[in-house]
Amino acid sequence: MSILVWLSSHIGTVGMALPPPDDIPEEILRTQIIIAARSPIDGKPLTAAEYAQLQEQLQVSPPRKLDPKIRDQIFLLRIRKGLLQIFPFLGI
């Protein structure tokens with residue numbers, strides 16, 4: 001009886017290890033050229049040319065400029081952080 005149980009469980013695992021018949025092998029998928037892409041901004045489908053153009057536009061965008069008041073606040077916060085590292089007992 002135990003041999004039949006072992007044999008039936010062994011036969012079931014052998015069949016489960018195989019991929020489904022409609023699955024495309026990885027070797028074929030690696031050789032295919034991807035001609036469709038999705039936009040990193042909104043996820044819409046794009047052609048390869050549109051994707052390349054969007055990547056160029058994203059790399060060429062000008063750097064953002066901060067308001068001078070915000071830049072001064074960041075500078076003061078960095079000075080405060082440095083002073084607290086040197087003098088941790090200050091109550092600033």
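## Contacts and exposure in a predicted chain

Glutamate 50 sits in helix α3, which covers residues 48-60. The model is predicted. A polar atom of its side chain lies 3.1 Å from the backbone nitrogen of threonine 47. Arginine 38 is 12 residues away from glutamate 50 along the chain, and their C-alpha atoms are separated by 9.8 Å.

**Overall layout**

The chain contains four helices and two strands. Read from the N terminus, the order of elements is α-α-β-β-α-α. Of the 92 residues, 3% are buried.

**The loop between the strands**

Strand β1 spans 36-38 and strand β2 spans 45-47; serine 39 belongs to the loop between them. Is serine 39 buried or exposed? Serine 39 is buried, because its relative accessible area of 9% is under the 20% cut-off. Its side chain makes a polar contact of 3.1 Å with the side chain of aspartate 42.

Lysine 44 forms a salt bridge with aspartate 42, with the closest N and O atoms 3.9 Å apart. The cut-off for such a bridge is 4 Å. Aspartate 42 has 47% relative accessibility, so it counts as partly exposed. Lysine 44, at 52% relative accessible area, is exposed.

**Salt bridges**

How many salt bridges does a search of the whole structure find? The search finds two. Side chains of opposite charge can pair when their charged atoms come close. Besides the bridge between lysine 44 and aspartate 42, there is one between glutamate 26 and arginine 30, with the closest N and O atoms 3.6 Å apart. Glutamate 26 and arginine 30 both lie in helix α2, residues 26-31. They are four residues apart there, so about one helical turn separates them. An α-helix has 3.6 residues a turn, so residues three or four places apart point the same way. Both glutamate 26 and arginine 30 are exposed.

The side-chain contacts, with their distances, are these:

| Contact | Residues | Distance |
|---|---|---|
| Salt bridge | Glutamate 26 and arginine 30 | 3.6 Å |
| Salt bridge | Lysine 44 and aspartate 42 | 3.9 Å |
| Polar contact | Serine 39 and aspartate 42 | 3.1 Å |

Helix α4 runs over residues 68-86, 19 residues in all. From its first C-alpha to its last it reaches 27 Å, close to the 27 Å expected at 1.5 Å a residue. Why does α4 lie largely in the open? The number of buried residues among its 19 is zero, so the helix lies largely in the open.

Isoleucine 79 is part of helix α4. With a relative accessible area of 38%, isoleucine 79 is partly exposed. It also belongs to a nonpolar patch on the surface, formed by Phe75, Leu76, Ile79, Leu83, Ile86, Phe87, Phe89 and Leu90. Together these residues have about 800 Å² of accessible area.

**The aromatic pair**

A pair of aromatic rings is described by the distance of the centres and the angle of the planes. The count here comes to one aromatic pair. Phenylalanine 87 and phenylalanine 89 form it, with 6.1 Å from centre to centre and 70° between the planes. The pair is edge-to-face, because the angle is over 60 degrees. Phenylalanine 87 has 36% relative accessibility, so it counts as partly exposed. Phenylalanine 89 reaches 65%, so it counts as exposed. Both phenylalanines are members of the nonpolar patch.

Notes
Residues numbered from 1 in each chain as written. Predicted model: local features only at pLDDT ≥ 70, side-chain atom pairs only at ≥ 80, totals over all residues. Heavy atoms only, no water. Expected span 1.5 Å × (residues − 1). Buried < 20%, exposed > 50% of the residue type's maximum accessible area, 1.4 Å probe, protein only. Phe/Tyr/Trp six-rings, centres within 6.5 Å; stacked < 30°, edge-to-face > 60°. Patch = residues over 30% accessible without salt bridge, like charges linked within 9 Å, V, L, I, M, F, W, Y side chains within 5 Å. Areas by Shrake-Rupley, 256 points an atom, 1.4 Å probe, with all protein chains shown as cover. Salt bridge = Lys/Arg side-chain N within 4 Å of Asp/Glu carboxyl O. Polar contact = N/O pair within 3.5 Å; in protein donor to acceptor, adjacent residues only side chain to side chain.
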